[in-house]
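Welcome, and please open the model in your viewer. We will walk through some charged pairs and then look inside.

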Amino acid sequence: MKTKWVFSLLAVLLMSATQVETPVLGRTAAYTIGEVVADFRLKNTNGQQVALSDYRTSKGVIVIFTSNHCPFAKAYEDRIIALDRKYAPQGVPVVAIQPNDPAAYEDDSFENMKARAADKGYSFPYLLDETQEVAKAFGATRTPHAYLLKRTGDRFVVEYIGTLDDSPQDAGSVKRRYMEEALNSLLTGRPVVTTITKAVGCAIKWKGL
């Protein structure tokens, strides 16, 4: 009887060890380098829904959590636009996501997001993370907070997490462009050397806090 119980326990442990985890939203841990990102679907400023899976023919995606009100996000705005214009034609477009609770800052309301995207002529989607579930899944804490995802088959894997470059306030003082370094490695089939940097920006305003 004892032997039968031991074999049953071993079988359960073996199944648990070999089971492939499916990424899901609602998770509590942040994505790490090399981890598969779960598909998500959010509302764009043009009223349409945009999903990560919509980019299944691209080489990757630059996901940037940003906002309207944050001075750091404003300082990076033109750099984000330039990043999309440079790399979207190479198969790695930008997807911007606004995760803040608009009750904390009216500037971050959906209506103001629409106005901002139109005024600046965004060439990329600007999505509202109304439930904040996507930001939590990614582990985003700041605006801006950037992630480079590489498409592998029908999945997207995290290649880089952090800031876009080493000069959060002055674009003219940039010495290292971390995101572009990672992008150039991805596009030439080389491993990303600097995979994580510290995101510098305004803390995300979470609902209920």
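A salt bridge here is a side-chain nitrogen of Lys or Arg within 4 Å of a carboxyl oxygen of Asp or Glu. This is a predicted model, where local features need pLDDT of at least 70, side-chain atom pairs count only at pLDDT 80 or more, and totals for chains, interfaces and linings use all residues. Residues are numbered from 1 along each chain as its sequence is written, and side-chain values use heavy atoms, without hydrogens or water.

Start by selecting Arg79 and Asp165: they form a salt bridge, with the closest N and O atoms 3.0 Å apart. Arg79 sits in helix α2 and Asp165 in the loop between β8 (155–162) and α5 (178–187), 86 residues apart (helices are DSSP runs of H or I, at least four residues, and strands runs of E, at least two, numbered from the N terminus). Both residues are buried, meaning under 20% relative accessible area; exposed is over 50% and partly exposed in between, with a 1.4 Å probe and protein chains only.

Next, pick Lys120 and Asp78, whose side chains meet in a salt bridge at 2.9 Å, N to O. Lys120 belongs to helix α3 (residues 110–120) and Asp78 to helix α2, so this pair ties together parts 42 residues apart in sequence. Lys120 is partly exposed at 29%, and Asp78 is partly exposed at 49%.

Now move to Glu181 and Arg176, a salt bridge with its closest N and O atoms 2.7 Å apart. In the whole structure, a search finds six salt bridges.
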